Structures are given as C-alpha cells and as structure tokens.
Amino acid sequence: MIKNYFKTAWRNLLKNKTFSAINIFGLSLGITTFLLIINYLRFEYSYDDYNINKDRIYRVPMVETEKGGKPQTFAFTFPAVAPALKKDYPEIEQAVRFRKVWGVVTQGDQKIIEDGQIYFVDPAVFKIFTFNFEKGTSETAFAELNDAVITHSTEKKYFGNESGIGKKLHYGNEDYVVKAVLKDIPSNSHIQFHILLNFNKYIALTNGNANTSWGWSDFYTYILLKPGADIKGLQAKMPAFAQRYRGDDMKKTGFTLSFDLEKLKDIHTLSTYDYELAGNGNLYYLKYLGIAALFILFIALINYINLSTARSLERSKEVGLRKVVGATKFQLVRQFLAESMLVNIFAILIGYALFKVTLPQFATLIDQNVLDMQATGWKFWALTIGIFLLSTLLAGFYPAFVLSSFQPIQTLKSGKGFSGMATNKNFLRKSLVVLQFTAAVILIGGAIGFYRQLQFMSNRDLGINIKQTFVLKQPLKMDSSNLAAVESVINDMKKIPGVQTVTASTEIPGNEVGGSSGFRLINSYDDKRCRTFGIDENFIPNYGLTVVAGRNFGEDKPVNEHDTGAVINIILNETAAKVFGFKKPADAINQLVEGAGHHCKIIGVMNDYHQQSLQNNFDPIVYYREQHIYMGNFALKLNTPNISQTVDRAKTIWHAAFPQSPLRFFFLSDHFNEQYKDDNLFATILGLFTVLAIIVASLGLFGLSLYTVAKRTKEISIRKVLGASALQITTLITKDYVKLILVACLIAIPVAYFLLQNWLKDYAFHIEIGYWFFFLPFLLIVAIALITVSYQSIKAALTNPAKSLRSE
C-alpha cells in the first residue's frame, strides 16, 4: 500500500512538471538559505564552547563613573584584582590575568611582528581554560620565569618542521624557552594568541606593580568558580569589594567604581564593554539574520501550500472516484501526505546538496575557515530532520485533510468540492500571499536601511583628512639612544618628492585611543576621565584639523616622565573642554589641570573629529607633546601621482636606519574603513539573502499566476471576443495581486521601521528615516510582482481566443 502511495505521488509529480519543479526548487532554495544562516548562527553562538568549565568561568570587567559623568566601561581591570578576589572569596577556585603585549619576536635570523598576539598569563590559565597540549604538559609549562608556550601554527612559523621544545624566542631584551606547544586555538574563541609567557616574569619586570597596582588597568581577569558556587551571591559582594580596596580613592575623587562578573559564554555576543580583546559578534545582526532565516523558510513553505491548494480543485473528481470505490478518509490523507513527503524528500536532498556546495563560498565571504563552519553534530541533523518533518506536515496537512473531506456526489456531479470550498481556499491563498510578501518587504526595508546607513558612514565628513595618508608603523621599543636616528628618518622622509608633511603620534585615526587617565582642574577633586593621545606639532596641520581656540604645539617640550614637577602644555578636543565645564573653548585657554601624574596647562582646543567609526560618539581627549622615539605611528601626507615610488622610497629610508625592525605599513583610509568590515559583511549577507527571498517569493507568485491564467482561460477569451484590450486583460489579472501586496506593505513597513530604528540606536551618528523608507520597499516589491505576473498575463492576453474557446 505504501509503495502504491509513492508510485501515485511520483506520477502526479511527472504529470504536473512545471508546478512540481517550482515547488521543489523554491523549497530547496529556502532550505539551503535557512541552513546557511542557521549554521552561521550556530558558529557565532558556539564561541568558547570548547572550554570544559565554560559554565563556571567568568570575566571581571569594571565600570568607572565620574561625578556627574557617564559610566565608562572596561573589559579589563587592575592587576591586583585577581589575587585579591581569590584571597577574599573561597568560592573562587582559580583566577588568571591576561596582559597583552606587542613587539618583535626574534628567532635566529627571523624577525616577526607579533601584533597583540603575545600574552603574559598566570600559570593557572591551564586550570581554567581548555587549551589542548600537543607537546609538553600544563605542570611543566611555566615551571621557570622565562618559559614560553606557543601554538602549533606558531611553532611552524618559527621552527618549520622541527620541534620548538627547548628552543629560544627573543622578545623585549629577554630570551624565553619554549616548554610546551598547544593545538591551535579554535577560531570560535574570543581569546586568540600565538605566544603565552609567564606572568610571574612580568611581575618581576615591573618591580611588582603587575601584581599589586590598583591604578594600572590593562589586565583581562578571569575567575573559575568552585562547583555549586552561588554566582548571584558573589556578584552581590562586588560593591563591598570595590569599597574595600578603592573606597578611599572614590571618596577623595568623587568617582564610583564597580566590578562585574560576566559569564564566559556571554562575552562574544552580549558584551558591551570597551577595550575588548577581539571584535565581538553583533547580537542585533545575529538576531536579524535569524529572523531572515525563518522568513525565507516561511516564504518557501507558503509557496508550497499555495500551489498545492491552488491545484486541489483539479483533483476533486479524483477524490470522489477514490471514495466511491471504497477509499477511506485516512487512506486519502496518507496518499496526499505521501505526495508532500516525496516533494520534501527531493527538496531536502537538493537543499542540503546546495548547502554543501555553497558553504565554502559562504565561509570565504564571512572570512572564516570552512572547516570551522562545517555543520556537524546531532543538533544540526536534528534541525535538518525537523525542517523536513515541519515542511511535510505544514505543506501537506491542509491539502490532505481538506481534499479528503470532499463529498463524492458533489465532486462527481460538478467537478467541485463542497459548497464554499473554492471561496475558502481563495481566502487562504490570499492570506498566505500577504504573509509571504510581508516577510519579503521587511527584508527589503531592512536591506535598504542598512545600505543607506553604510552610505552615510562612507560619505560623512569625519572632521579629519585621512586621504592620501601613508602610515609606517614600527613595533620596536626605542629609547633616547634612538632619538637622533628617528629624527633623521623623519627629516629624510620630508625631503621625498610628493611628501607634503610627516607627523608622528601614539595612535592613528581608526584606532581606539588606548591610554586614559583622570584629570581635574586645580583645586578640584572632580576627576574627569579622558583619553590621552601623544602627538607632535605636525599632527594638526597634517590631518587638516582646526585649532578653535588657543594655539598648536610649537617649541613646547615633550613630556618627561621623570620630571613630574614641570608643567606640561596640553591641547583638548571640544568634547573634553565641555566635560571640564567650559562654556566656550576660549574659556579653557591657560587653565591649569592635574592628571596622569603631571601639572598641565591648556594651550589650545581643537575641533572634534571621528577618531573611530560613527558607531562611537566623541570621546574627551587630552593631547600632549610626545617624543618621536615613543610614538610608533609615522604618517606621511602624499601629493603625487606616483604613489608606489614615493612609498617605496619611504620604506627604504626606514629600513636603512632600522634594518632590525620589521615594518608594517598601510594607507590610513583603508585602515579606517576596516572598522566597517562587520557592517559591510552584514549588509552583503542580508542583501544576498533578501534577493534569495525575493526569488523564492516570485517563484510562488509565478506559479499562482500560471494557475490563475489557466483557470480563467475561457473568461479571458470571452472578454477578448467582446472587445477587451490586452492592457485591460493584463490589468484584470494583475490588480488582485497588487492589492494583496499593498496590504502586505501596510503590515510590513511599520515592522521594518521599528527594527531599523532599534538597529540605528547602536550608532551615535546615523541616518534619519524619511519618506523614502515608506515608498522604496513598496515600489520595489510591486515592480517585482508586476514583472513576475505580467509575463503570464500578457501571454494570455495575446493568445488567439478562438483556440482557447475551441479547446474548452
């Protein structure tokens, strides 16, 4: 019997090849898209899952709030926090600190820049995180102060096919011995590194400050709770902890400090702290992609239901004959469900095949290793089987149970089901079309909004000129012995034809300003946390900035850390001037402030500019005059058609002076736009899947128009005989679909508006949603629908009515 069900189902598929192809292809395309998105979401939400103790690991970030100011969040904290927590609270099993460092690592003749991939860590790191050892053990990894642990790829990079165990790496005037090699860290880990060094060595290098300081805040701190520990109870103790160790400072300066306990699994998708170890996933993007995945699958299922119900009237006689010869309702239900299952088997197989074929290209698009994106595990297969069962039941349920309810006398007599069936099914089809295009319009509205925001960010005046700016970034730590060489290099680069100016700074636009300190006006205890930025006298003219009050640096002496009694000159940006309470920039000139261990005099106020992406607001920044040897970024403003020759000349000058220094170089505009990498990626993915959703929806609309024209062939022919024009016939067929799409737009556009407004809240500077948002999605979807339906409408309108009436 079951074999007969599937044999009959196969014959029906072959009998209606066009409808079957539309059904199978549309459903398989929806399944492919759904699997790609869900697999990507699976990867994003799997961050840090590899840790065995993931549910007991917490990070300790902090929040500082100045009196009357906004809270400032930090993903890191003070180095003394970890030992203090472990000492004070018995529910904490282990605590570890990560201190990120940069620089050149030397091995033999190799000199390699390790940019933020070296960490000093406490030996307890291997008791907290699951880093798998390839060579060596956790017990011996940090037995000595100068021990190092490297990853598999790092071993290959420095030692080729030879073992790195027992060999030395030179970093920061010290030799470190490789004691262990780890398997490469999974890409879905928020902690990525090449080299780990013993934190006890760092304590020695800093004369103990890296273990006892409550003011130096660049240490990422993690704790491992004991099994069964009460995390809520521990979190409730954090205010008392902050008061115990920083209470006197808070009372004196007026700021408040709080420590948080952030679950390891929440860091990648939910963390909102500044100074993260790595770029986090955007939870809003992930949620929107999840919604898009459901919408696309929903659209594909609606296609199947619509086309199945549209064809059900044609099968009413078949149902009547089956019932007359003894078929029961249950047998008929099984027959139609078998047909649905067959279609879904083809769709799921084709969809999975397309998923496997397109996965490498999709992994490349999102800049991930395809091996990490491979869908494995029972959850993925459970999801795939769930999609199959869901689509089989949802898409087959209605036709199966409704068709099996036809009355044989009525169907055999008139070729129709029970009274009102056609009307009911027309209403259902119209409702489903409205729902289908509601989903499509929401996706279109979102895609248009995201694209407009990206355009806005690309075209907005940054307040700073970064065009034609070539940056040389040197990683070596220099001292006074290098001063003459550095000054000579700068002078030589100024003489290169095509180089207008050369400036040096501790940071460059596009980077978060890493340094910060509390500043207060003389005779005030109201500290204001400001970013600190070292520049030279050429920084402002080089970048086309404006001094709105006071003056630029001239012959001002650079900061001398050893001369804390000297008054140093500083420049504020406009936001910093407002933070200090000055009503006008000019009011700040010649005012004295204290901060960063110095007495400071404000000599100028410069215009605010976008140091980072438009997602960030203007930060208060204090600019100070720094010596060139302590600034690792050298920016050359170019004005030449022969850029490559000028760039090569600059690199030659640098390498001639510092042959031991591997150099990084890039154009600043490219570097700045890297901040929008995730935004551009999301817009690309959303645009791609929106197009796929439109294609799937259009396939269904095409199938329905095909069916509508076929059912109204006699009516169309009679109208033509009576004088109806081709335009009138086309309008007759298309107007009903346009009405449905108008209803869909009335529902979808407010929803899309709400979603887009929520997304734009993440940007300090963003577009305003105007009238264009309400018209563009509507015009676009109507145009697509008209193109889809018009083909069949025009074809029917131009057909010779005599042929149609003769065949009726």
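Among contacts in the chain between residues at least 6 apart in sequence, what percentage join residues at least 24 apart? In this predicted model, the figure comes out at 80%. The chain itself runs to 808 residues, and 52% of them are buried.

What sits in the interior? In soluble globular proteins, nonpolar side chains tend to be buried together. Here, the largest nonpolar core has 114 residues, and the members that touch the most others are Y288, F539, Y623 and I781. Helix α24, spanning residues 677–711, supplies the largest share of this core, with 16 residues. Y623 makes a handy example to look up in the structure. Setting aside neighbours within four places in sequence, Y623 is in contact with F533, I535, F539 and F553, and also with N569, I570, I571, L572 and N573, plus M606, Y609. One of these partners, F539, is itself on the list of residues touching the most other core members.

Now for how some of the helices pack. Take α3 (residues 81–88) and α10 (residues 238–253): their axes come within 12 Å and cross at roughly 120°. An angle over 145 degrees would count as roughly antiparallel and one from 65 to 115 as roughly perpendicular, so α3 and α10 end up oblique to each other. The crossing of α3 past α10 is right-handed. On the α3 side, the contact involves V81, A84, L85, K87 and D88, while α10 brings M238, F241, R244 and Y245. Sorted by class, the residues of this contact are six nonpolar and three charged, with no polar ones.

A second pair is α18 (residues 483–494) with α22 (residues 643–657). Their axes lie 10 Å apart, and the helices pack at an angle of about 160°. Since angles over 145 degrees count as roughly antiparallel, that is the label α18 and α22 therefore get. Their crossing, too, is right-handed. V489, D492 and M493 of α18 meet A650, I653, W654 and A657 of α22. This contact has six nonpolar residues and one charged, and again no polar ones.

Technical notes:
Residues numbered from 1 in each chain as written. Predicted model: local features only at pLDDT ≥ 70, side-chain atom pairs only at ≥ 80, totals over all residues. Heavy atoms only, no water. Axes fitted to C-alpha atoms, helices over the stretch in contact; angles between N-to-C directions. Helix = DSSP H or I, 4+ residues; strand = E, 2+ residues; numbered from the N terminus. Parallel < 35°, antiparallel > 145°, perpendicular 65-115°, else oblique. Left-handed = near helix turned anticlockwise from the far one by under 90°. Contact = heavy atoms within 4.5 Å. Nonpolar A, V, L, I, M, F, W, Y, C, P; charged D, E, K, R; others polar. Core = buried A, V, L, I, M, F, W, Y, C linked by side-chain atoms within 4.5 Å. Buried < 20%, exposed > 50% of the residue type's maximum accessible area, 1.4 Å probe, protein only.
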